[in-house]
Amino acid sequence: MKRFFLILPLLCAFGVNMKAQDFYDPYASPSQTPDSIRIVRADVPQIEKQAIDTIPSSDKYIKIVLYDDFTWEYIDEGHPVIDTAGFYEGWSTEMIHAFRGESLESFPDSLDLRLVDSLHNYSAPFLGKVHSGFKFRGRRPHYGVDLPLSVGDTIRAAFDGIVRYSGRPSETGGYGNLIVIRHDNGLETYYGHLSARLVNVDDPVKAGECIGLGGSTGRSTGPHLHFETRYHGKPFDPQRVFDFENGVIRDSILTIHKHYFNIHSHYGQTDKESKSASGNVYYKVKKGDNLGKIAKRYGTTVGALCRLNGIKSTSVLRIGQRLLVRKGTN
Ligand SMILES: [Zn+2]
């Protein structure tokens, strides 16, 4: 892996040198700036060289282009650049979920992830209407979104990254054929129920690259893509990242709030009531509030509010006081 990234600049440098040596005019004045270097071939009339063939190299992002004047060069089609310190933290090609057992305690209240920039694009993994979202489904938490599809449909990498995990149905429990990609901002995306996995562990992938085919493997009632977004192994609603119907991202920077990791927290929810990681719902007391009003708003009773907060029904509420109005299930 590491060696690979070291070789890449060497290949590129070699390619550029080849070109420079072939065409550099040795009789040109040494005082010339690089801008004014004359490209001359003494034996051939000055015509544009034509590419006659493109040959794949051992690196799928680097092609060898042959020209009709018997020269050739490496063309780098844009390799995913992994330059983030700590990219391989919690890395495992054996376990589906990285950072196992890490608690939310040490997590900041919010953090910003840059999703795209001028060099790094995005692609919706699959275009369509979300059939089932990030929520409790019956008694099971559903940690992603389901996008109905036809078996064999193309599934694309959401962002540039490296394949961290690729597992078959017998290894992944309900996920069926599963691919997990780690992106260079630390975000991970999961692609489940695939009929075919087309990339291997440690493969670099580009946003939009076909990584597998849609299917219905694992615990699935019909062909669909189960897509998850996780940070440090912890899932949050992928609809915070993508508008799947229109195939666009919501923003180039994703701000992950700690409460996003709560299964009850989903995209489009009003954040008037802040939810903690435990699933507890709090209310901030405003001017003119009393326990009766707050209880009514949350469909509870004054008695229940008093019990939850260890206060009496006659207690005076302070403006800005945080009241626990609903106990979480987590
Ligand atoms: Zn699902």
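## Strand E15 and its partners

In strand E15, His-226 is the bridge partner of Asp-146, and His-226 is also the bridge partner of Gly-192. Here, strands are DSSP runs of E with at least two residues, helices are runs of H or I with at least four, and both are numbered from the N terminus. Two strands pair if DSSP finds at least two bridges between them. This is a predicted model, where local features need pLDDT of at least 70 and side-chain atom pairs count only at pLDDT 80 or more, while totals for chains, interfaces and linings use all residues. Residues are numbered from 1 along each chain, as its sequence is written.

So who sits beside E15, which covers residues 224–231? Strand E7 (residues 145–148) runs antiparallel to E15, and 4 bridges join the two. Strand E11 (residues 187–194) is antiparallel to E15 as well, with 6 bridges between them. E15 is mostly covered, too: 7 of its 8 residues are buried. A residue counts as buried if 20 or more other C-beta atoms lie within 10 Å of its own, as exposed if 12 or fewer do, and as partly exposed in between, with C-beta atoms placed from the backbone.

Tyr-231 stands opposite Lys-234 in E16. The two strands make a hairpin with 2 residues between them.

His-232 lies in the loop between E15 and E16, and its phi is positive, near 50 degrees. Most residues other than glycine have a negative phi. Is His-232 buried or partly exposed? His-232 counts as partly exposed because it has 18 C-beta neighbours inside 10 Å.

## Another positive phi

Phe-70 has a positive phi as well, near 70 degrees, and is a residue other than glycine. You'll find Phe-70 in the loop between strand E2 (62–67) and E3. Phe-70 is exposed, because there are 10 other C-beta atoms within 10 Å.

## A three-stranded open sheet

Elsewhere, 3 strands form an open sheet in the order E8-E14-E12, with antiparallel pairing. The edges are strand E8 (154–156) and strand E12 (196–197), each of which pairs on one side only.

How many bridges join E12 to strand E14? There are 2, and E14 spans residues 210–213. Arg-197 has Gly-212 in E14 as its bridge partner. In general, strands of a sheet pair through backbone hydrogen bonds, either parallel or antiparallel.

Thr-93 sits in the loop between strand E3 (72–76) and strand E4 (110–114). With 14 other C-beta atoms within 10 Å, Thr-93 is partly exposed.

Which residues does Thr-93 touch, leaving out those up to four places away in sequence? They are Arg-164, Tyr-165 and Val-201. A contact means that the C-beta atoms of two residues, placed from the backbone, lie within 7 Å. Thr-93 and Ser-166 are 73 residues apart in sequence, yet their C-alpha atoms are 7.6 Å apart in space.

## The whole chain

Stepping back, the protein chain has 4 helices and 22 strands. Of its 330 residues, 28% count as buried. Take the contacts between residues at least 6 apart in sequence: 60% of these join residues at least 24 apart.
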